[in-house]
Amino acid sequence: MAHPTNPNPADSSAKQSLEAGLAALKQQDYPTAIALLESVTQTAANGPSGIRAQMGLVAAYKATGNVKKAIALCSSLAKSPNSQVKTWADRALTELTPPRPPKPPANKPKSAETPPETGFVAFDAGTKSPKKTPGGDRPTADKKTGFLPLEPTAAPGNAKSQHISPPPPPPTGQTSEPENSTETAPDTAEISGENSSASPTDIPGVASPDTYQLTWREAGRAKSPRPLKPLKLLEFRLQAVASAIALFFLARFVLQFLLTNTNSLLVQLYIFTRLPIFAPIQLFYRDPTPFVQMVFGLLLASSPWLIDALLKLFCGIETLRGSVLSKHSKEASRVLRSYCTKQNMPVPVLKLLPLNVPVAFSYGCLPRFARIAVSRGLLEQLTDDEIATIFARELGHISHWDFAPMSLALLVIQIPYLIYWQVAHWQERLCDLMTIEFLRSAVKFVAAAISAISYGIYKLLRWPMLWVSRRRVYFSDRTAAEITGNPNGLTRALGKIAIGIADNIEQQKQTSFFLESFDLLLPVGVGQAVTLGSAAFHAPLEQILQWDVSNRERNWLTVNSAHPLLGERFKLLALYAQFWKLETELDLANAGVPEQPRKGKLSLFKSIVEFKDSKLFLQGAPFFGIPMSLAIVGVLWLIGGIFSRTSFWQLDWLWGDRSIIWGCLPIGFSIGTLMRINYFFPDITPRETASPSLPEILSNPESLPLDAEPVRLEGQLLGRSGIDNWLGQDLILQTATGLVRLHYVSRFGYIGSLWPFLFKETTRPSDLIGTSVVATGWLRRGATVAIDLESLRSQGGKVSDSGHPIWSAILAFAAALWGAYIIIQGPR
């Protein structure tokens, strides 16, 4: 067995000198910093320590006025094989080198290029709105419905006239450092040209989550962009219709399941009590198909007015006057008029949400009845051109006709969601009127059960529309970029929306019912915005979006998301900017270049073998076990067919037995679940438990949910209080570096969450809302970041234990027993 080698004393000394030099630089003790960092460059010039030292020396030389040495070091770093170090050095050289004076024009400028074929000429970005600060009157809580108003967001970079530019991501490439080196690649920072003194955020290795400043580059736009290839909308529209049909059948199945089981429960109660009140309802035995058809038709036809009524009741929506819109964004007003005229469609009705979280969405059944709703926060926190890009996105949804099926889907899922929300709200008022403790407990249990079932149906009914929801976002982003010629403005707008949503959750201390219920229509998914929006205050966006553009399995891991990955969207917008010869807002256009497919006759076989050995196969083992079980069924049928032609008749029953098919499906799921359970839930020991920062979690582009890292994080627990969070629907840990979602399941299952005192488990996570807690569990990095809890411990000593491994095992064994029972029962 090989023993670890002792660290090199020289490497250890260089690392100590580096840390001391960076600390002196942070304290603006430049002579000491220069002496220490120069000594590091002499002993470890080519390693990560040497690169970090050279980058620090650039800032120290600049601060002391020795610009020539700073430029010389930047020129050396610009030749580095590491692309991110080279990018940093190139940008630093640009700021250190004074620009040449422009030459006087010899001739008149050439005429603008031909405008795009959309029939709309992009507007100039010269119009800027004056500074505005978020504020104004806050909406008061609706006493009738219990709706909590959204608080204003005050995020850095929200001022409309602020000029900001983001630093590049930290280098992650390999250097020539020895293999046993434990040092990491250098962090990046931007060399500021506004003053001659270096700040901690300017120095690589010194910038920390506490000192990082979120900045934007304010990259430009195309005045006459070349047209992009036309979109294939026919296929997309057919897929949207197919998704709506799938939603219809799923809703019908859910309704029939509920009616049938309700009657079965009534029959059992009637047999037990012989009371006429429990007689089954004959109407529930009828086919619900005509009723569901009628409801879907009415919801689609009246979707503009129904959604108006919902938003009026719970949010106080009002009409957005053209003068108000022009005050915030003259370009948005021009975009609306010009694009609608060119497309021969009426201008949508504009609505204003009196909410301070930046959101926008479109809804309706036909273009003539379409609405575009924007929040007050969006108008106040985005600039003129950024607001125009968001309106252009919504015009894209209307012109593509995807807003109609999405409006129908929104209303369908609102039915169970409103039941979930309102039952929880009115239960509290009803219990306040009761004096008998037993009745109060019974009402709470029944209300919590109804609320939990309704929430589960809401999550289930979202599934048929998720694929269309993701795909339509790509189309609307592209349309907005082409209409305005401003992909960089759309990048900033989407980034600010994500930041605003995360900031709103931090201020509200929970995810509002509005954000969750309208998630399908929002420009940015709430699940992604929670983590990415909060981490944007602590690290460069390029750094925290590396997973979104680099992970090879990312497309498979977004199947449960209503929105595509934000980094993937930013990358496409950067490619549009490159196509129009623009500087990109974020350096993502060339990130995550996919590997070239292998050529050869055996490439398909190799791909299958490699997939079987990959982490993704183990990640989806419970689901991949289902088709594998069908292969087992084929073998069993073959055996039965062979023995049916021989004298061994004892096994001929296997041939054509359909019960084997239905029984093997849950058995395959069970085998797959048991295969991955040890990988999914490794033992948590204090020595191996990490406490990473959120930027560190997001910066690893190779991680998968299967790579369950035991973590122990401290922070404040956010979420809803009351029975609407008894199952842990809204649990968020607010750490020092951002927000992380928490997943919880009681060790005694749903009954343990709904009625915990039966099992002497009196602490739910919702009981700890608003307190400082220590969360221990398994970190999952997928399309969103979450922690599967093992336990939550408050400072007061209260502990809430979770049972993810237990219930994974129970689910696996239950599926196996169910499959065996189906096979034993045989065909019917």
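A residue is called buried when its relative accessible area is under 20%, exposed when it is over 50%, and partly exposed in between (1.4 Å probe, protein chains only). The model is predicted, so local features need pLDDT of at least 70 and side-chain atom pairs count only at pLDDT 80 or more, while totals for chains, interfaces and linings use all residues. Residues are numbered from 1 along each chain as its sequence is written, and side-chain values use heavy atoms, with hydrogens and water left out.

The chain holds 27 helices and 10 strands. Helices (H or I, at least four residues) and strands (E, at least two) are DSSP runs, numbered from the N terminus. Of the 828 residues, 53% count as buried. The accessible surface comes to about 39,900 Å². Carbon and sulfur atoms account for 61% of that surface. Areas come from the Shrake-Rupley method with a 1.4 Å probe; for residues, only the protein chains shown count as cover. A contact means heavy atoms within 4.5 Å. Among contacts with a separation of 6 or more, 73% are between residues 24 or more positions apart.

Four strands form an open sheet in the order S1-S2-S4-S3, with mixed pairing. Strands S1 (318-319) and S3 (360-363) stand at the edges; each has a single partner strand, so one side of each lacks a neighbour in the sheet. Two strands pair if DSSP finds at least two bridges between them. S1 and S2 (residues 349-353) are joined by two bridges and run antiparallel. Thr 319 stands opposite Lys 351 in S2.

Two helices lie across this sheet. Helix H8 (residues 303-315) lies across S2, S3 and strand S4 (371-375). H8 runs at about 145 degrees to S3. Helix H12 (residues 384-400) also lies across S2, S3 and S4, but runs at about 20 degrees to S3. Axes are lines fitted to C-alpha atoms, for helices over the stretch in contact, and angles run from 0 to 180 degrees between N-to-C directions.

Salt bridges were counted next. A salt bridge is a side-chain nitrogen of Lys or Arg within 4 Å of a carboxyl oxygen of Asp or Glu. The count comes to 22. One of them pairs Glu 386 with Lys 496, with the closest N and O atoms 3.1 Å apart. Glu 386 lies in helix H12 and Lys 496 in helix H15 (residues 487-508), so the pair ties together parts that are 110 residues apart in sequence. Both Glu 386 and Lys 496 are buried.

Asp 519 forms a salt bridge with Arg 462, with the closest N and O atoms 3.6 Å apart. Asp 519 sits in the loop between helix H16 (513-517) and helix H17 (526-535), whereas Arg 462 is in helix H14 (residues 437-484). The two are 57 residues apart and link distant parts of the chain. Asp 519 has a relative accessible area of 10% and is buried. Arg 462 is buried too, at 9%.

In a further pair, Arg 720 bridges to Asp 730, with the closest N and O atoms 4.0 Å apart. Both residues are in the loop between strand S5 (709-719) and strand S6 (731-735), 10 residues apart. Arg 720 is buried at 1% relative accessibility. Asp 730 is buried at 2%. Elsewhere, salt bridges that share partners join Glu 218, Asp 385, Glu 386, Arg 492, Lys 496 and Glu 585 into one network.

Glu 218 lies in the loop between helix H5 (83-96) and H6. With a relative accessible area of 18%, Glu 218 is buried. Arg 274 likewise has a positive phi, near 60 degrees, and is not glycine. Arg 274 lies in the loop between H6 and helix H7 (289-301). Its relative accessible area of 59% makes Arg 274 exposed.

Helix H6 (residues 233-273) gives the most to the patch, with three residues. Leu 258 is found in H6. At 34% relative accessibility, Leu 258 counts as partly exposed.
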